[in-house]
Amino acid sequence: MWGRQLAIAAAYAACYVLLRSVSASHWNLPAGLRLACLLLVPARYWPALIVGEFIPVGYQAWSCQDQFGWHWALLTAIPPIAPLAMLVAWCQRRSRLFHGNHQINMIMLLGVTMLAALLTAICSAAILPTVQMAGHVAAPVVTAQVVFGYFLGNYLGALTLVPAVLALYLWVTESPGANSEATLWQSHLARDGVIGVLVPLLTLMGLVLSSHGDSMQVLRIAMFLPVVWLTSRHGWQGAALGGMLASIAVATTSTMVRDPEVIQAQALMAFAITTLLMLGSRIAHQTHSAQSSQVDTLRGFQLAQQGLYLEELRLRQAADALENIGQNIRENHNRLLDRLRHVLPANEERAYSRQAALTQHEMHRLANALYPRGWRERGVPATLRDGPFAQAVGMAGATYRCELSGRGLSQLAPDVHMALYRLACEVLVYVLSRGQSQHIRLQVRGGHTGGQRWVVMRLVGRRGAPADEPTAASPEAWKQAMTLLGASGLGIASIRDRAQIYGGYVHLRDLSDGMSITLLLRDSLRAFPLHRGASA
C-alpha cells in the first residue's frame, strides 16, 4: 500500500517537473496534469498526489525565498492541488463525469475546468502581494488583467491535457487487451488526426515563423480550423485531440516571453476549443443515440429471425409426428385386415387397403407440406430442384427450370435456408395467382461480400405461345400448388416484410409476357452478438 502511494507521488512529481519545464505563464500545463489526475485517480491516492506536487513546488519556494521572502515562500509551498481536491470532490458528489456506455458529462468537465482555473488564479493572485522585492520596491499590484492572465494560463493548460487524457482513458477502458495500443494508432481518429490536423498545423507553424506583421496573427488564428474538421468527424474526442495539437502549435510560435499576440491567439483558441468540445459532445451523443437505435432495430430483427426459426422447428416436429401417425395407422390397419381376412370378401379387403393407403398418402402429403422430407434429407437446393416445389409447378401445367450458382449457399444459416424455401413457395403461388404461366424459371445464387453471406433468388413466370394455351392448367391451379407447398398465399407486401427480417428486399418487375420477382436475403443475425458500444 505504502509502496504504491510512494510510486504515485514520485510519478506525479516527475510529470509535474517535465510539464513545468515546457510551460509558460499563459500556458500552464501542470494545471491540466493536476485536474486530470484528480478526475481519474481514486480519492484514496489523492494524498500521494498532494505529496508529489509538494516536492517540486516546495523546492521552488525554498530556492526563491531569499529573492521573494519567507512569507511568499510559505504560501507558495502549499500545493495548488490541495484546494482543487476539495473542489473536485464537491463536484463529484453532485454529478457524475462518466455515464454508461463510455459517455462523458461535458458540462461538468468544462465547469470543473473553469472553476479549477478560477480557484488557482485567485490563490495565485492572493499570494502575489506577499512578494518582498529587493531594494524596498513595492509588491506587484493585483489587477483584473493579472487575474485574467492567471486564469487563461490555467484554463488553456487544462484544456490542452484534460480532454485528451480522458479520451485516451475511455479508449483504453473501451478496448482492453494487449492490442489496444496498436488499435489506437491504427484507428480512424489517429489517421485523421495526423493527416487532417498535424500536417496542416506543421504547415501553418512554418508559415508563422517565416512571416512578419499581421499575417502571423492570422495564421495563428487559422490553426483552429483543422480542429473544427476533426470535431465534425469524431465528436468531442476529435476536439480534444485537435485542441491539444493546436494549443501546442500556437504556443510554439511564441517569439518572446508574454507575447501579447500569442496570448490573444490563445484566448481565442481557448474559446474555440470550449465551443468545439460542447459541439462535439452533442455530435457524439447523437451518434450514440443513432447507433443505439440501430442496435435496437437489429436486435428486433434478430428476435424475429429466432422466432421464425423456432416456428420452423415446431413445424418439423409436427411433420415427424404426422409421419409416425400415418405409419401407425397403416400398420394397425394391416394388422386388423389380417385378423378379419377370413370373414371379409376380397373386394371389400381391397377397398379397405386402398382407403388405408390413401389415408397414409394424405398424411405424408400434409407432413411434406409442413416440412418437406427432401429438405430434411438433402437440403434446400435439392428440394427446390426436384421436390414439392417442382411438383407444384407441374400441377400448374408449366415447365420448370432451376439454376443454382455462386458460392457459400450451403454455408448460410439453417434458418436462412428455411426462409428462402418459404419465400420461394410464396413467390411461386403469387406468380401463378396473377395469371397462367407456362414456363417457370428459378435462379438461386449465393455469395459473400464485406464479411457477410447473402443469397439472391429470382423467379420468372412467362406465358407460352398461343398454341400452348390449350395445355395450360385451370386458373385455380395455384390453389392446389398452395396446398401442396403449405404456403399462405401472401401478397407482395407481406413477402417484402418477410424478406426485410433477413435484411433483404424484394423487386417486382412486370414483363411483356409474364412477371419477374427478385429477392435478396442476408445471413442470419443469430450467429452475431449485438453490443451497445458507442463512445460519446
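Helix 7 gives the largest share of the lining of the largest pocket, eight residues, where helices (H or I, at least four residues) and strands (E, at least two) are DSSP runs numbered from the N terminus. The model is predicted, so local features need pLDDT of at least 70 and side-chain atom pairs count only at pLDDT 80 or more, while totals for chains, interfaces and linings use all residues. Residues are numbered from 1 along each chain as its sequence is written, and side-chain values use heavy atoms, with hydrogens and water left out.

**Exercise 1.** Describe the largest pocket by its volume, its lining and the classes of its residues.

Step 1. On a 1 Å grid over the protein atoms alone, a pocket is an open set of points with protein on both sides within 12 Å along at least five of seven lines, a cavity is a set where a 1.4 Å probe fits but cannot get out, and lining residues have an atom within 4 Å of a point.

Step 2. The volume of the largest pocket is about 1,400 Å³, a volume being the space filled by probe spheres set on the points, which are joined across faces, edges and corners.

Step 3. The lining holds 39 residues, and those nearest the centre of the pocket are Ser25, Asn28, Ser124, Tyr150 and Asn154. Elements giving two or more residues to this lining include helix 1 (2–21), helix 6 (106–127) and helix 7 (144–174).

Step 4. By class there are 24 nonpolar, twelve polar and three charged residues, with Ala, Val, Leu, Ile, Met, Phe, Trp, Tyr, Cys and Pro counted as nonpolar, Asp, Glu, Lys and Arg as charged, and the others, Gly among them, as polar.

**Exercise 2.** Find the largest cavity and state which helix gives the most to its lining.

Step 1. A search of the whole structure finds one cavity of 30 Å³ or more, and the volume of the largest cavity is about 40 Å³.

Step 2. Among the residues lining the largest cavity are Arg34, Thr113, Thr120 and Asn154.

Step 3. Helix 6 gives the most to this lining, with four residues, and the lining as a whole divides into six nonpolar, three polar and one charged.

**Exercise 3.** Locate the salt bridge between Asp192 and Arg233, and decide whether each partner is buried or partly exposed.

Step 1. Side chains of opposite charge can pair when their charged atoms come close. A salt bridge is a side-chain nitrogen of Lys or Arg within 4 Å of a carboxyl oxygen of Asp or Glu, and the structure holds seven of them.

Step 2. In the salt bridge of Asp192 with Arg233, the N to O distance is 3.0 Å. This pair links distant parts of the chain, with Asp192 in helix 9 and Arg233 in helix 11 (residues 225–252), 41 residues apart.

Step 3. Asp192 is buried because its relative accessible area is 7%, whereas Arg233 counts as partly exposed because its relative accessibility is 46%; buried means under 20% relative accessible area, exposed over 50%, and partly exposed in between (1.4 Å probe, protein chains only).
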